[in-house]
Amino acid sequence: MEQNLPELRDIHLPDGVSAFPPAYGWWVILGGLLLLAVLAELILIIRRKSKKRYALYLLEHIHRDNTVAAALQMSEILRRICVFKYKEAAALYGQPWLDFLNQHAKTKLEGAAAALLVEAPYMCPGSERYSPQDVEQLRNFSADWIGENL
């Protein structure tokens, strides 16, 4: 046995495993996480845009033949947005409702179209007090308000 001792050498441990560069599996996991983050943000953007698109779709498909009914439907669409975004405004009516809408709009609603929005819930459905131009002005204001607030 003593004859083999000169041939033995000390045990040398291998170098430690480096953390960098990471293995391919970690790159795949990192890429997957980034993809999930981008998809989540994209879904949020689509949801926000789809609410606006749906509100504008509803606004566009309001019948123009009855001015009072059209004003009521436009007010309902604006209220539905307020229930979603501005909880404190959902119970407003009359002049405070109009003031709230004007406060959150770049262009103010004034004149006959503003009076139509305020008075529509209390008018007879067949009333011809307001003209179709007032309804169109209210529709344009509603579309702008939806675009600014959703």
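Student: In which helix does S75 lie, and is S75 buried or exposed?

Tutor: S75 lies in helix α2. The model is a predicted one. Burial is judged from relative accessible area, and a residue under 20% counts as buried. S75 has a relative accessibility of 10%, and therefore counts as buried.

Student: Which residues is S75 in contact with, leaving aside its neighbours within four places in sequence?

Tutor: With those neighbours set aside, S75 is in contact with W97 and L117.

Student: How should I describe the way α1 and α2 are packed?

Tutor: Two packed helices are described by the distance between their axes and the angle between those axes. Here the axes of α1 (residues 24-60) and α2 (residues 67-85) come within 10 Å, with a crossing angle of roughly 165°. An angle over 145 degrees counts as roughly antiparallel, which is why α1 is described as roughly antiparallel to α2. The crossing of α1 past α2 is right-handed.

Student: Which residues meet where α1 packs on α2, and how do they divide by class?

Tutor: From α1 come K51, Y54, A55, L58 and L59, and these meet M74, I77, R80, I81 and F84 of α2. By class, this contact of α1 with α2 comprises eight nonpolar residues, two charged residues and no polar ones.

Student: Let us turn to a charged residue. Where does R139 lie, and is R139 buried or exposed?

Tutor: R139 lies in helix α5, which covers residues 132-149. Its relative accessible area is 3%, so R139 is buried. Apart from neighbours within four places in sequence, R139 is in contact with L59, E60, I62, R64 and M74.

Student: How many residues has the largest nonpolar core, and which of them have the most contacts inside it?

Tutor: The largest nonpolar core has 32 residues, and F100, L101, L109, L138 and W145 are those with the most contacts inside it. Each of α1, α2, α3 (95-103), α4 (112-119) and α5 supplies at least two residues of this core. The largest share, eight residues, comes from α2.

Student: Which residues does W145 touch, beyond those up to four places away in sequence?

Tutor: W145 touches L78, I81, C82, Y86, F100, L101, H104 and A105. Two of these, F100 and L101, are also among the core residues with the most contacts.

Student: Which residues of α4 are buried, and what do they pack against?

Tutor: The buried residues of α4 are A113, A114, L116, L117 and V118. They pack against α2, α3 and α5.

Student: How are α4 and α5 arranged?

Tutor: The axes of α4 and α5 come within 8 Å and cross at roughly 85°. That angle makes α4 roughly perpendicular to α5. In the contact, A112, A113, L116 and L117 of α4 meet D134, V135, Q137 and L138 of α5. These residues divide into six nonpolar, one polar and one charged.

Student: And what is the arrangement of α3 and α4?

Tutor: Their axes come within 9 Å and cross at roughly 130°. The two helices, α3 and α4, are therefore oblique to each other. The crossing of α3 and α4 is right-handed. Q95, W97, L98 and L101 in α3 meet A114, L117 and V118 in α4, and the contact divides into six nonpolar residues, one polar and no charged.

Student: Finally, where is the place of Y130, and is Y130 buried or exposed?

Tutor: Y130 is found in the loop between α4 and α5. With a relative accessible area of 8%, Y130 is buried. Sequence separation and spatial separation should be read together here: Y130 and T67 are 63 residues apart in sequence, yet 6.8 Å apart in space, C-alpha to C-alpha. Not counting residues up to four places away in sequence, Y130 touches T67, A112, A115, L116, E119 and M123.

Student: How does S127 compare in accessibility?

Tutor: S127 is also placed in the loop between α4 and α5. At 22% relative accessibility, S127 counts as partly exposed. Its contacts, leaving aside neighbours within four places in sequence, are with T67 and V68.

Terms used:
Residues numbered from 1 in each chain as written. Predicted model: local features only at pLDDT ≥ 70, side-chain atom pairs only at ≥ 80, totals over all residues. Heavy atoms only, no water. Axes fitted to C-alpha atoms, helices over the stretch in contact; angles between N-to-C directions. Helix = DSSP H or I, 4+ residues; strand = E, 2+ residues; numbered from the N terminus. Parallel < 35°, antiparallel > 145°, perpendicular 65-115°, else oblique. Left-handed = near helix turned anticlockwise from the far one by under 90°. Contact = heavy atoms within 4.5 Å. Nonpolar A, V, L, I, M, F, W, Y, C, P; charged D, E, K, R; others polar. Buried < 20%, exposed > 50% of the residue type's maximum accessible area, 1.4 Å probe, protein only. Core = buried A, V, L, I, M, F, W, Y, C linked by side-chain atoms within 4.5 Å.
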